[in-house]
Amino acid sequence: MRKNSYLDYKAIITDLVMKVNEDADLDRETIYGLLEYPPDPNLGDLALPCFKLSKKWRKAPHLIAEELQGKIGPSPYFSEVKATGPYLNFRFAPVPLTREVLGQILDCGEEYGARTFGEGQKIVIDYSSPNIAKPFHVGHLSSTVIGNSLAKIYRFLGYECVGINHLGDWGTQFGKLITAYKKWGSEAEVKKGLINELMRLYVKFHTEAEKDPSLEDEAREWFRKIEAGDEEALALWQWFKEISLEEFQRVYDLLEITFQSQAGESFYNDKIGAVVEELKAKGLLTESEGAAVVNLDAYGMPPCLILKKDGSSLYATRDIAAALYRKKTYGFVKALYVTGMAQSLHFQQWFKVVELMGYEWAKDLVHIPFGLVSLKGEKLSTRKGRVVLLEELLTTAIQKTLEIINEKNPGLANKEEVARSVGVGAVVFGALSVNRIKDVTFSWEEALNFEGETGPYLQYTHARASSIIRKAGFDYEADLAFDPEKLDDPAALKVIKTLYLFPEKVMTAAAEYEPSIISRYLIDLAQDFNGFYHECQVLVDDRKLQQARLILVAAVKTVLATGLGLLGIKAPEQM
RNA sequence: GCGUCUGUAGCUCAGUUGGAUAGAGCAACGGACUUCUAAUCCGUAGGCCGCAGGUUCGAAUCCUGCCAGACGCGCCA
């Protein structure tokens, strides 16, 4: 199947306008960029606003629109080209639209919208990256599902994506944990309570440390021992890490998220020395209050701390070491960091340091920030025990789904599997349905709502479409011929026009690193399809009509499944 | 104090990068299941697009200043 060659009305219109542009004083990109979708479908399907041309040609916009209308004339792709005031409106001719869009979708299947231009290029995506020895909670959801979705979107465009789980498996928090374990824990308790016990110890450390600040010194000393390779300290560190990884894995299994690399912070421990030497050799390091920093005054930023006064590294140091390592190892064309907006300054600082080191690829480092999750307006806090565990959220959603299935579709064959797909889908979609940057207040009620603009709504729509296909005995290999003229209901045409938009939406989502563009699109598609579903019976006596409508249903099913897949959500056949 | 981000219907959010009459969902109210799955659909109601200036043919969108909230600003990550 040929990707990269989807029906593109903007390109067609651009051609038409270029052809009648006698003075040849326009360029394709200008025209293409001007084209927009009219606010009211009664006006047309695409519009060329003539204000900007008016400046260029010193003529009133409405006159330009009229003139262009006359010059362009009839065209097989448009049923109407009409000047309305300063706009030149184009209406898609239904038959070619229907034939080409549905034809391409049936032809490409779940590759519809895919591209090849990323082939041979690698993108590394740093996402999820939880801290070891802390429970995996809803605050980690955004990074995990946004990163996962971006990886899928870019793969869809042909790129090879390396998903990296940059585990927080190094740092003073392990000193704290060992201190707490030594004082108040035991092997038996940890074996029994696993990460919950680790969290209990971690919380206890912080409440006790408020009364007795010397505990902090003890914690630092234990971390120093880890770094020095002390046998007991390292063994405990390793053990705590394993317990955490098993815990995280259960969540990743539920989400069906995998990584190509699990190299966490500890992995770079032996690589930071060289980075510090390089910074020194390039004359970037200066001493300030006993610490080693890179001064960024010239760029309006506070200095980037590289070494503490005791000589140990900081996270900027490790991030720089990791970036150098990743460039060398993967040769990426782009490196994405999906982390909270709170870290924006940190990324700006060390991106600038990499640039000052003379690496031109510093421009390929991209921070993908997202808003903060809070609980009833208060910050999440592991130390205060104020968190919602992600595993608990997922299993609760699955449980609720199972109850709904038992109530609405008790005869369903693989209930457990479907409940898992839908419950998890609800949670994932919830995290991907709004603009990344918005702060969110977690609410059980909203997270477990399955009606309206939700994941289950999309999955339900997909199941409905699947059901029709199944009942009709539709064959994807054989039954591809259809008469596009049969799909002339307004409701059907609306669906087809929305299907047409999919490839463009995927491109926008990638360019803006914004999975919610796809989420919003799928909601639009599902709404249009459900309108059609109520308006038009598919399984009818008229064989030709039924066949045409089946093709439309198959196309919607395909695009819904593809889009959900790009979000990391499953599309069950029945629910 | 300085910086970044956010502010659109009661609530949660879209708004095609400056274009035509600002759109959805939830909640409320009224309708549609012996029919391809009602986790659905149709309808009603709901707006000083935070406020005030400016830029221009044209602003929810760009600029400036306020107001409100979130986050960040040296040895945590």
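Glu-256 and Arg-420 form a salt bridge, with 3.0 Å between their closest N and O atoms. The model in which this pair is found is a predicted one. Across the interface of domain 2 and domain 3, the rule finds one salt bridge. The same interface has eleven residue pairs in polar contact, both partners at pLDDT 80 or more.

**Where domain 2 meets domain 3**

Which elements give two or more residues to the side of domain 2 that touches domain 3? They are the helices α6 (141-156) and α10 (231-255), together with β9 (334-340), β10 (365-370) and β11 (373-375). Helix α6 gives the most to this side of domain 2, with nine residues. By class, the side of domain 2 that touches domain 3 divides into 20 nonpolar, four polar and five charged residues.

As for the division of the chain, chain A is split into domain 1 (9-92), domain 2 (122-269 + 326-379) and domain 3 (400-567). The centres of domain 2 and domain 3, taken over C-alpha atoms, are separated by 35 Å. In contact across the boundary are 29 residues of domain 2 and 27 residues of domain 3.

The size of an interface is often given as the accessible area lost when the parts come together. For domain 2 and domain 3, the area buried between them is about 2300 Å², and 71% of it lies on carbon and sulfur atoms. On the domain 2 side, Ile-153, Phe-156 and Leu-254 lose the most area to domain 3, and together they account for 20% of what that side buries.

**The surface near RNA strand B**

There are 62 residues around RNA strand B, and those that come nearest are Tyr-87, Lys-408, Tyr-460, Ser-467 and Glu-512. By class, this surface has 33 nonpolar, eleven polar and 18 charged residues. Among the elements that each supply at least two residues are α3 (51-57), β3 (87-92), β7 (291-294) and α12 (315-330). Others in that group include α14 (390-408), α17 (455-472) and α19 (516-535). Helix α17 provides the largest share of the surface near RNA strand B, eight residues.

Which part of RNA strand B do the atoms within 4 Å of the protein belong to? Sugar or phosphate accounts for 57% of them, and the rest belong to bases.

| Protein residue and atom | Base atom of RNA strand B | Distance |
|---|---|---|
| Asn-89, polar side-chain atom | nitrogen | 2.8 Å |
| Ser-288, polar side-chain atom | nitrogen | 2.5 Å |
| Lys-309, backbone N or O atom | oxygen | 2.8 Å |

For Asn-89 and Ser-288 the atom concerned is in the side chain, whereas for Lys-309 it is a backbone N or O atom.

**Salt bridges in the structure**

The structure holds 34 salt bridges. One pairs the side chains of Glu-67 and Lys-71, at 3.7 Å from N to O. Glu-67 and Lys-71 are separated by about one helical turn, because they are four residues apart in helix α4 (residues 61-72).

How values were computed. Residues numbered from 1 in each chain as written. Chains lettered and ligands numbered in written order. Predicted model: local features only at pLDDT ≥ 70, side-chain atom pairs only at ≥ 80, totals over all residues. Heavy atoms only, no water. Domains from an automatic or database assignment. Contact = heavy atoms within 4.5 Å. Buried area = accessible area lost by both parts, 1.4 Å probe. Salt bridge = Lys/Arg side-chain N within 4 Å of Asp/Glu carboxyl O. Polar contact = N/O pair within 3.5 Å; in protein donor to acceptor, adjacent residues only side chain to side chain. Nonpolar A, V, L, I, M, F, W, Y, C, P; charged D, E, K, R; others polar. Near = heavy atom within 4 Å.
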